[in-house]
Amino acid sequence: MQTKAILSKDFILVAIGQVISLFGNQILRYALPLYLLNQTGSSVLFGTILASSFIPMLFLFPIGGIIADRVNKRNIMVILDFSTAILITLFCLMVGKIDVVPLMTITMIILYGIQGAYQPAVKASVPVLVDTEHIMRANSIVDLISSLAGMVGPVIGGILFSVVGLAPILYVSIGCFFLAAVMEIFIHIPFEKRQAEGNIIITGFNDLKESFCFMFKVQPMLWKLSLIFASINLFLTSLVLIGVPVLITQRLGFAPNTANRLYGFAQGIIAAGCILGGLLAGVFSKKLKSKTSPFLLMGCALSIFLGGAALQVLKGVMVIYIVLLMGCSLMLVLSTLFQIQVMTYLQILTPKELTGKVISCVMCISMCTNPLGQFLYGVVFEKIGSSTYLPFYIAALIMLGISVFTRRMFYGMDHPGLNGHQSHG
């Protein structure tokens, strides 16, 4: 059988398409919520709209996984990138003409929904394009690209937003999605069409049933890992997504334009943590053991605790800003390492004909807590007054308890990506 190099033409095209598409996506994810927060000043509305945006993405993850296993993954990427370019074009035409809250809500819901259908196709293409021994390294490259876009996008978006406003960001993102779609047309991803059983609803139901049966009966470790990652999203990631922009733009006392720029830099610094996590996963791909996972979770808890300590103890706003970002960035380093471990474990254990569906189900379980966390933290930061450090302490203690409670599960788990064998065939 012909060996597939990790740096094959098609994998490189997928990676470049991700760079362009995710950059456009990240500057939008920075600019649109910040525009809403500046216009309304309400952290509850800010958290509620972000939470509402996640809900259709969660519903579309399983659907996206079913489609990824039955439709050419390249076509999915092309169609969805073109669709996103059209969506933002319509937003440009309507902004300023109708009320910002419903316009922003509808746009964010559709934008996140498209991502829900898009990501399973990208993740499912990795084991098709590279050999088993390269999967963790390929995952680290894909995650690194996502993190790099998350670092550069908000920094550039913050500068553009504070200097020239929202419109140029919208135009740049439209160009990114259009260019990515054109480039993805030239990708070749091996695909074998599967025969549908009955109508599309019955086929979809059977696919989901097959995926959940695999997760809960054949490889039950997968749903347990999904729940752990869901707890990270509920208690830690949602805190960063809501707490950091609210603290920087409303609570630390910066001038509005300065706050917008600093928030852009903050997004970049936090995303740099994801980049470092992806790099470390690639460098230590053969040395990471499942036994290290509880320590990664403990490190996430202590990193968030550091942010709370900065808010309670330190006095200067710039010092608080720097230490808070250090804690959040370190949390992202460790959680990215854990996420890549989970994704690699999943991809190697899962048969290729189930990969898209199982990935989408795992992502759905893992991210279903995001809307709840974002809504709750929006309310908390609206009502908590000056005790802004308390959510950080509480979240850290809960995650520390989860890491201790689940540690035995990891000690009994052989990581297939590190031991060089496949447990399911």
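Predicted model: local features only at pLDDT ≥ 70, side-chain atom pairs only at ≥ 80, totals over all residues.

The crossing of helix 8 past helix 14 is left-handed. On the helix 8 side I noted Ser 231, Ile 232, Phe 235, Leu 236, Leu 239 and Leu 247 in the contact, and on the helix 14 side Pro 391, Phe 392, Ala 395, Ile 398, Met 399 and Ile 402. Sorted by class, that contact holds 11 nonpolar residues, 1 polar and no charged ones.

Next, what does helix 8 do with helix 9? Their axes come within 9 Å and cross at roughly 150°, which makes helix 8 roughly antiparallel to helix 9. I have this crossing down as right-handed. Helix 8 brings Val 240, Val 244, Pro 245, Ile 248 and Thr 249 to the contact, while helix 9 brings Ala 259, Asn 260, Leu 262, Tyr 263, Ala 266 and Ile 270. The class tally here is 9 nonpolar, 2 polar and no charged residues.

Last entry: is Thr 107 buried or exposed? I found Thr 107 in helix 4, which spans residues 100-129. Its relative accessible area is 4%, so I put Thr 107 down as buried; the cut-off is under 20%. Skipping neighbours within four places in sequence, I see Thr 107 in contact with Leu 32, Leu 87, Ile 88 and Phe 91.

Notes: Residues numbered from 1 in each chain as written. Heavy atoms only, no water. Axes fitted to C-alpha atoms, helices over the stretch in contact; angles between N-to-C directions. Helix = DSSP H or I, 4+ residues; strand = E, 2+ residues; numbered from the N terminus. Parallel < 35°, antiparallel > 145°, perpendicular 65-115°, else oblique. Left-handed = near helix turned anticlockwise from the far one by under 90°. Contact = heavy atoms within 4.5 Å. Nonpolar A, V, L, I, M, F, W, Y, C, P; charged D, E, K, R; others polar. Buried < 20%, exposed > 50% of the residue type's maximum accessible area, 1.4 Å probe, protein only.
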